[in-house]
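Here is a friendly walk through one protein model. Have a look at the picture first, and then we'll go through some helix packing and a few aromatic rings.

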Amino acid sequence: MDADAIPDNPRQQIQIKLPAILRNVQVLQAIAQIVFVILVVSFFSLLWSNISATLAERNLYPSFDFLNNRAGFDIAEKPDWYAPSSSYGDAFKVGVINTLRIVSVGLVLATVIGILLGIFLLSRNWLVKTISRVYVEILRNTPLLVQLIFWYFVVMFSLPTEDITLPNAGIFILSLRVLVYPIIWLVAWFLVRRGIFPRHTAEGVLLGAIAVELAYRLFGADVPMVLLTGVVGGALILVSLNPNISTTGRGQMLGAGIVAIAQVLATGVVSVLVNSGVLPATMVWWEVLPVGYISRRAWVFPEIAFTATFQSWLIVIIIGAVIGYGVYRYFYAYAERTGRLLPSGLYGLAVLVVIATIGWVVISNQPEPTEVVINDVT
C-alpha cells in the first residue's frame, strides 16, 4: 500500500491493520494457546470445586492431618524409635529410610557391576567377553517383574529352612607368628625403597613366610624345628652377602633369612611372655561369631550404628585429615624443591591413620554421657 493511501485518521488506521494482524499465523497460535490454557484451568477449577464440595458434605475434605494419627501396625525393618503406637508420619519416615538404605546399596553395587561389565565387554578374552555379553543381554531383555519372580520363587525358595550363617560360628586359632609376616614385609619394602636392602627382598619375605609355614605344618613347631629354622635363616643371610650372586637371588635369600630369624625370636619372646603370665594364652585363638544370616524369611547383615562418642571421634578424624594434608603438602613441596621422590601421599595417610587410631582409643575409653533424671520431691 502506498504511503499516500494511508489515511490520517487513527480509527481508519486500526481498521486497516487489524485484519492483517488477525491473519498472522504466530498471533493466531498465541491466541489459541491462551484460550486452551484458560479452558484447561477452568475445567480443573470446576472439577476441584465439585470434588471439594462433595467431600466436604461427607466430612472427607482432603488434608494431611491423618499423618498425626496412630498407625497401629509394626514394621519388620525399623529403627528403635518406631512402635505400633507411632503415627502414620513416623511410619512414612521409616519407609523413606528403608528405601534410601536399599537404594544406596543397590546403586553402589549396580554402578560397580556396570563398570566391570563394560570393561569386560571390551576385553580381548573370548570367555570373559562372551559371559559378560550373555549376562547383559539376559538382564536387558528380561522384564523386571520376571526377574523378581525368578529370584523370589526359584532362588529364595531353594534356600534351606534353617539359617545359613556367614561365617560359621566356632573357634579360629591364629598363631601369633602370622602377625610377624606383614610387619617384616612392610619394613623390608620400606628399606628397599630407601635403597638399603637389595631389590626383591620383599619377595623373599613372602617366599620365606610360605616356606616356614609349610615346614611348621609338615614337621610341627617344636623347639628343634624352631632352632633349625633359625640356623637355615642365618645361613641364607650369610649366603646373601656374596657379591657374586645376582641381585634377585640376594634379595630373595635375604628376605627369607630375615623371616626365619624373626620367627625364632618372636616364638621365643611369645613363649616367655605366655609362660610368665604376661600375655594370656587366649590371645592365640578367637571365637568366630556370624556376621550374617541368610534364610527364606530374611537376610540379616550388620549395620553401622553410631555411638554417643562418634561425633567427638569425627572431629578427631577431621583434625587428622587436615594435619595429614599439611604433611602431604610439605613433603610434596620438599620433593619438588629437592628433586627427591618421596611417598608424600603415604606419609599423609599414615598421619591420618595414627591420629584416628589414637583418638579412637582415647575416646572409646571415656564413659558415655548419661542422662541425669532429677526427681522433684515435695
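Helix 3 covers residues 88-121 and helix 4 covers residues 126-140; they pack at about 130°, with their axes 8 Å apart. Axes here are lines fitted to C-alpha atoms, for helices over the stretch in contact, and angles run from 0 to 180 degrees between N-to-C directions. Helices (H or I, at least four residues) and strands (E, at least two) are DSSP runs, numbered from the N terminus.

Before going on, a word on the source: this is a predicted model, where local features need pLDDT of at least 70 and side-chain atom pairs count only at pLDDT 80 or more, while totals for chains, interfaces and linings use all residues. Residues are numbered from 1 along each chain as its sequence is written, and side-chain values use heavy atoms, with hydrogens and water left out.

Helix 3 and helix 4 make a left-handed crossing (the near helix is turned anticlockwise from the far one by less than a right angle; clockwise would be right-handed). On the helix 3 side, the contact (heavy atoms within 4.5 Å) uses Ile-113, Leu-117, Phe-120 and Leu-121, and on the helix 4 side Val-128, Lys-129, Ser-132, Arg-133, Tyr-135 and Val-136. Sorted by class, that contact of helix 3 with helix 4 has seven nonpolar, one polar and two charged residues (Ala, Val, Leu, Ile, Met, Phe, Trp, Tyr, Cys and Pro count as nonpolar, Asp, Glu, Lys and Arg as charged, and the others, Gly among them, as polar).

How do helix 6 and helix 7 pack? Their angle is about 160° and their axes are 8 Å apart, with helix 6 at residues 180-193 and helix 7 at residues 201-219. Helix 6 is therefore roughly antiparallel to helix 7. This crossing of helix 6 with helix 7 is right-handed. Among the residues in the contact are Tyr-181 and Trp-185 of helix 6 and Leu-206 and Glu-213 of helix 7. The contact of helix 6 with helix 7 counts ten nonpolar, one polar and one charged residues.

Now for the rings. The whole structure holds ten aromatic pairs (rings of Phe, Tyr and Trp, its six-membered ring, with centres within 6.5 Å; planes under 30 degrees apart are stacked, over 60 edge-to-face, and the rest tilted). Two of them look like this:

| Pair | Centre to centre | Angle of planes | Kind |
|---|---|---|---|
| Phe-150 and Trp-151 | 6.0 Å | 75° | edge-to-face |
| Tyr-152 and Phe-153 | 5.0 Å | 85° | edge-to-face |

Phe-150 is partly exposed at 42% relative accessibility, and Trp-151 is exposed at 51% (buried means under 20% relative accessible area, exposed over 50%, partly exposed in between, with a 1.4 Å probe and protein chains only). Tyr-152 is partly exposed too, at 46%. Elsewhere, ring pairs link Phe-66, Phe-73 and Tyr-88 into a cluster.

One more tyrosine: Tyr-328 sits in helix 10, residues 310-338, and is partly exposed at 27%. Beyond its neighbours within four places in sequence, Tyr-328 touches Ser-344, Gly-345 and Gly-348.

Overall, the protein has eleven helices and five strands, and buried residues make up 17% of its 378 residues.

Notes: Angles under 35 degrees count as roughly parallel, over 145 as roughly antiparallel, 65 to 115 as roughly perpendicular and the rest as oblique.
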